[in-house]
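Welcome to this short briefing. Take a moment to look over the sequence and the model, and then read on for a guided tour.

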There are 2 protein chains.
Amino acid sequence: MTARTRVKQALSEGRPGETLLLKGWARTVRTGKGVTFISLNDGSTLAGIQVVAEPELANYAEVAALGTGSALTVTGVLQESPAAGQELELKALSVEVVGTADQEYPMQKKRHSFEYLRTIAHMRVRSNTFGAVFRVRSALAQEVHRFFAERGFLYVHTPIITANDCEGAGELFRVTTLDLNNPPRVEGEIDFAQDFFAKATGLTVSGQLEGELFAQAFSDIYTFGPTFRAENSNTARHAAEFWMIEPEMAFADLSDDADLAEAFLKRLCRFALDNCDDDMRFFNAQIDKGLIERIEGVAQASFARMDYGEAIERLKKAPVSFQFPVEWGLDLQSEHERYLTEQVVGGPVFIMNYPKDIKAFYMRLNDDGRTVAAMDLLVPKVGEIIGGSQREERLEPLIGRMMEVGIEPESLSWYLDTRRWGSTPHAGFGLGFERLIMYLTGMENIRDVIPFPRTPRHAEF
Amino acid sequence: MTARTRVKQALSEGRPGETLLLKGWARTVRTGKGVTFISLNDGSTLAGIQVVAEPELANYAEVAALGTGSALTVTGVLQESPAAGQELELKALSVEVVGTADQEYPMQKKRHSFEYLRTIAHMRVRSNTFGAVFRVRSALAQEVHRFFAERGFLYVHTPIITANDCEGAGELFRVTTLDLNNPPRVEGEIDFAQDFFAKATGLTVSGQLEGELFAQAFSDIYTFGPTFRAENSNTARHAAEFWMIEPEMAFADLSDDADLAEAFLKRLCRFALDNCDDDMRFFNAQIDKGLIERIEGVAQASFARMDYGEAIERLKKAPVSFQFPVEWGLDLQSEHERYLTEQVVGGPVFIMNYPKDIKAFYMRLNDDGRTVAAMDLLVPKVGEIIGGSQREERLEPLIGRMMEVGIEPESLSWYLDTRRWGSTPHAGFGLGFERLIMYLTGMENIRDVIPFPRTPRHAEF
């Protein structure tokens, strides 16, 4: 018996005359005079292979009446195709109907809106667009691991359930096994001592703090796992559950951090262009006309670096009027970020050394006493895509900053321990994986690059 | 300026006479007559490199007084070592103290119990044992991705927060943003319509059901992500949060499933032996004397396959008395599993086709009407390590089983949809990643193979 061949291999490596066994789903079925054409897709690649079925087949009547979405096992001979746009087709020797599909099948040929397709997220994966999105997502996730593995970075699974409420990045989801109808109380308050973990816990917003602990033993580490935000924001760029990549390096400063971020983003851009070329051409044609040129530009660029102070000066001199004010000490808004990367630099740029008051407590205080060693990487069309910093490795300044922002040092004593013994300058960054996939595919809604998105009022499937 | 070299490269590729820049932490500091020996470890490998510091150093007094745990930057010349057990050492040209460590440093040379080290999980990673554990964990996680990537499996991020309460694998953690002190109510009950997701949600116990949806579009997929059990069991093998690997294949039956599981486990065993050899030798010497021989045995074995019915017969005939009863229809206990793999087969064995009443609703009913196409892979010393099944792809039998076990079909209508249109025979399995790491390292407590374990009453760090 012949082993199964994937459609991708059949189309790219097949030779006319070969007999192949293919398995997949009918994306379209067209019956003409004495012949039925089936576009067979098995998810291995964007394109379907054209299966040519003729009346000689014992079950030709069944085949000619097949519905879109049917699952098929086809044995046939590869031959050169007379049709435009394809070099090879498969002349069927046998077509076995594995699973039928009737007229109720929701993914008929006609175009559906992305909004509608979100309501059938279990079926949308059978479309060209979402097939391409999730192939690119998978390929990039695997490439993230290869990138770090090659450089000797240790992959760490930081905890999802956490009792830290001071990571400082928005509201937490509570995790509990208490009976919500009748929770135990002490002096009127919920008695979390009786909860599963004997304290109040929630879902992590970042693995950074735990990642830092590992960097102080293994030098270079990264996390790649789910993180959560209980923010009630219904935008195209926010989801309650998303995956984040967070590398952390001991013996590294902000410049090393920017070097890593630049190498990382360029590698992922290059990989998408070279290894997901069919899907990228599809996005370029159907979703975002300038996509390939833009990603190619990032892959080849030398990323600029600019001080926050200079960025503010440039924005003040800009011959455009911004909606939000520009002033030293204020955070940059998306309009400012895009102006800097698109108009001032004309390519990717790191903005570095932000005012300490608009950044997190763990970032390293610069010698000027008013800025911290933070960086944001801005890219054309979206603005910020990576945020990172050198961390405060000195015990006393770190405790001072915690107290300034109202974090009880005792609550993070384990974090402070790394500054007590064998502390090193260290730095890292975070990349929201969905933001990256949006950037690389041109898809404009985060709901369309996550298999089953979790957003306010939505946790289906 | 010389670029930093990792200790692993220095020891394996360095040549006497080379000048190197190393960065790391002092694991031991011994000062003798006119010379100080520092064992420098940077996490890249188990071994430290011996740094030889002599009084010619400008800061020799500081170096001679260094505490265990200090962070150092050392420039020096590689030379052949006269000491036993090491070929190369580094004669220091300069030693910069990056971060000091005093006598309070918790990871002094003396041995600590694993129990104690769990209370300082942020520091235990600086020990030989936990350095080795987390290097192996990382290396294996990266290899899991390579294994599936090479075979064209699509990596899927299935959701962590879920509204499904019927996955059927133990108690769920509740996820909520409601004010627990004063939750909204309707007719006395909690009004989850006002919760973040407008319904009651919890943490996933498995990505399988969502993985099946993707397999019906991409043929071969896998998940690798965190899963949760709110079981109040304080055993050495249970954690509330752990990582699971779940492949799923369309157009595949139970035999294909066993083929994949066998190839997968053997590949991971081979990889650990070949690529984590220093760490594996350490485990073999310090943790579990027979480890390497046992893992080598699995890597080279041809896995046996045995029907559940035959397994019951073999157990009944066994010349040993088991604690738990053996009878067709009862589940196998750990003692039975170990007897089968260790005594009956003498190697890994798949037990296949279990009684339907002790297995999940989604497993495919066999033609005998009383067993399902389920499999458990048993290996010597631990028993079950992988569990899988062919899934019920026929709509009516699946609905029937759901109703038998009390699951409302409407609540999983999206899952049933994959059986309505283009259904295929499909199969998959689950491997608890921590169980695998325990198996490959000989570590006996799951708390010692997870960076920051979550168990009843414990969610520190």
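Let's start with one pair of residues: Val175(B) has Thr201(B) as its bridge partner in β11(B).

- Strand β11 of chain B covers residues 201-203, and β8(B) pairs with it in the antiparallel sense over two bridges.
- On chain A, strand β8 (residues 174-176) is joined to strand β8 (residues 174-176) of chain B by three bridges, and the two run antiparallel.
- Within that pairing, Thr176(B) in β8(B) is the residue that stands opposite Arg174(A).
- Put together, six strands make an open sheet with antiparallel pairing, in the order β7(A)-β11(A)-β8(A)-β8(B)-β11(B)-β7(B).
- At the edges sit β7 (161-162) of chain A and β7 (161-162) of chain B, each of which pairs on one side only.

**Where the chains meet**

- Chain A and chain B each bring 111 residues to the contact.
- About 8,600 Å² is buried between chain B and chain A, and carbon and sulfur atoms give 64% of that area.
- Polar contacts are found here too: 39 residue pairs make them across the interface, counting pairs with both residues at pLDDT 80 or more.
- On the side of chain B that touches chain A, helix α5 (residues 128-150) of chain B gives the most, with eleven residues.
- That side of chain B is made up of 56 nonpolar, 31 polar and 24 charged residues.

**Salt bridges**

- Two salt bridges are found across the interface of chain B and chain A.
- Arg6(B) and Asp220(A) form a salt bridge, and their closest N and O atoms are 2.2 Å apart.
- Over all chains, the count of salt bridges comes to 56.
- Inside chain A, Arg137(A) and Glu434(A) meet through their side chains in a salt bridge, at 2.9 Å from N to O.
- Arg137(A) belongs to helix α5 (residues 128-150) of chain A and Glu434(A) to helix α14 (residues 433-441) of chain A, so this pair ties together parts that lie 297 residues apart in sequence.

**Confidence in the prediction**

- The average pLDDT of chain A is 96, and 99% of its residues score at least 70.
- For the complex, the predictor gives an ipTM of 0.97 and a pTM of 0.97.

Terms used:
Residues are numbered from 1 along each chain as its sequence is written. Chains are lettered from A and ligands numbered from 1 in the order in which they are written. Side-chain values use heavy atoms; hydrogens and water are left out. Contact means heavy atoms within 4.5 Å. Buried area is the accessible area (1.4 Å probe) that two parts lose on being put together, summed over both. A salt bridge is a side-chain nitrogen of Lys or Arg within 4 Å of a carboxyl oxygen of Asp or Glu. A polar contact is a pair of N or O atoms within 3.5 Å; within protein, one must be able to donate a hydrogen and the other to accept it, and residues adjacent in sequence count only if both atoms are side-chain atoms. Helices (H or I, at least four residues) and strands (E, at least two) are DSSP runs, numbered from the N terminus. Ala, Val, Leu, Ile, Met, Phe, Trp, Tyr, Cys and Pro count as nonpolar, Asp, Glu, Lys and Arg as charged, and the others, Gly among them, as polar. Two strands pair if DSSP finds at least two bridges between them. pLDDT is the predictor's confidence in each residue, from 0 to 100.
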